[in-house]
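Welcome! Take a moment to look over the sequence and the fold, and then let us walk through them together.

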Amino acid sequence: MSIKVFKFGGASVKDADGYRNVGKILTKYKDEKIVIVVSAMGKTTNALEEVIKSFYANDGNTGNLLNQIKESHFKLITELFDAGRDVHDDINDTFVEIDWVLEETPHEDYDFTYDQIVSIGELLSSKILAHYLKSLNLNTSWMDVRDVIITDNTYRDARIQWDITQKNAIAKILPTLKSFNHIVTQGFIGSTSENFTTTLGREGSDYTAAIISYCLDAESMH
């Protein structure tokens with residue numbers, strides 16, 4: 001199977017026009033097998049970092065900062081989709097993962113909490129993109145990269161466990177590509193063997209694309 005890996009950074013999905021442009025690009029490759037790695041939308045990672053700082057400072061502004069992020073994502077959905085699409089519920093459920101963290105007392109390990117919250121940015125953008133590509137009738141599946149990329153417990157700068165990651169890529173991505181032409185997944189994030197989310201360091205989405213390309217012996221990476 002000939003596989004390409006495409007990576008789209010945050011600037012590529014910063015707004016509705018960005019998503020539309022990505023859709024136009026991928027429509028040209030609609031019959032090819034492509035793994036699409038996407039970063040968080042625009043400045044979302046920075047905004048989520050401010051949420052975490054506020055949470056630990058207990059300054060009373062955490063909810064307001066998070067609501068701004070929610071509003072920008074739901075505004076994007078309104079611009080991209082007709083009313084009534086299930087993407088709204090999917091994104092709402094994803095934000096609940098942050099709400100759960102913020103309802104607890106801050107974890108003693110700041111870097112651990114950082115990874116659990118900041119990683120949501122990639123989950124949001126990738127879910128929106130997958131829904132959008134489906135709306136263009138592209139044969140697309142969303143995949144949680146945390147089921148593929150396994151790391152150690154070094155939060156914010158995790159190290160890849162290569163053997164199990166490659167086995168996962170072959171076992172999970174290849175069968176999915178037999179049924180779907182495009183897989184949308186996340187850059188920047190992975191998972192420990194205990195199922196805690198990790199991040200791979202800044203510019204981690206480029207690294208993710210390289211990891212997947214290597215594990216699948218991809219024809220090319222863009």
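A salt bridge is a side-chain nitrogen of Lys or Arg within 4 Å of a carboxyl oxygen of Asp or Glu. Please keep in mind that this is a predicted model. With that in hand, how many salt bridges does the structure hold? There are twelve salt bridges in the structure.

**Charged pairs**

One of these pairs is formed by Lys7 and Asp206, whose closest N and O atoms are 2.9 Å apart.

Asp17 and Arg20 both belong to helix H1 (residues 16–27), where they are three residues apart, about one turn of the helix. Their side chains meet in a salt bridge, 2.9 Å from N to O. Why does Asp17 count as exposed? Its relative accessibility is 54%, and exposed means over 50%. Arg20, by contrast, is partly exposed at 30%.

Helix H3 (residues 62–80) holds Glu79 and Lys75, four residues apart, again about one turn of the helix. The salt bridge between their side chains spans 2.6 Å from N to O. Here Glu79 counts as partly exposed, at 37% relative accessibility, while Lys75 is exposed, with a relative accessible area of 52%. Elsewhere, salt bridges that share partners join Lys4, Glu32 and Glu219 into one network.

Here are the three pairs side by side:

| Salt bridge | N to O distance |
|---|---|
| Lys7 and Asp206 | 2.9 Å |
| Asp17 and Arg20 | 2.9 Å |
| Glu79 and Lys75 | 2.6 Å |

**The sheet**

Now turn to the strands. Strands of a sheet pair through backbone hydrogen bonds, either parallel or antiparallel. In this model, five strands form an open sheet with parallel pairing, in the order S3-S4-S2-S1-S7. Strand S3 (140–142) and strand S7 (220–221) are at the edges and have a single partner strand each, so one side of each has no neighbour in the sheet. Further in, strand S2 (residues 33–38) runs parallel to strand S4 (residues 182–186), and five bridges join the two. Which residue of S4 is the bridge partner of Val37? That partner is Thr185.

**The nonpolar core**

Next comes the inside of the fold. The largest nonpolar core has 62 residues, and Leu26, Ile128 and Ile173 are the ones with the most contacts inside it. Helix H6 (residues 120–135) supplies the largest share of this core, with eight residues. Leaving aside residues up to four places away in sequence, Ile128 touches Tyr19, His73, Leu76, Ile77, Leu80, Phe81, Val87 and Ile91.

Trp162, Tyr207 and Tyr214 make a nonpolar surface patch of about 330 Å². Trp162 is found in helix H7 (residues 162–179). Is Trp162 buried or exposed, or something in between? Trp162 is partly exposed, with a relative accessible area of 35%.

Note on methods: Residues numbered from 1 in each chain as written. Predicted model: local features only at pLDDT ≥ 70, side-chain atom pairs only at ≥ 80, totals over all residues. Heavy atoms only, no water. Patch = residues over 30% accessible without salt bridge, like charges linked within 9 Å, V, L, I, M, F, W, Y side chains within 5 Å. Areas by Shrake-Rupley, 256 points an atom, 1.4 Å probe, with all protein chains shown as cover. Buried < 20%, exposed > 50% of the residue type's maximum accessible area, 1.4 Å probe, protein only. Core = buried A, V, L, I, M, F, W, Y, C linked by side-chain atoms within 4.5 Å. Contact = heavy atoms within 4.5 Å. Pairing = 2+ DSSP bridges.
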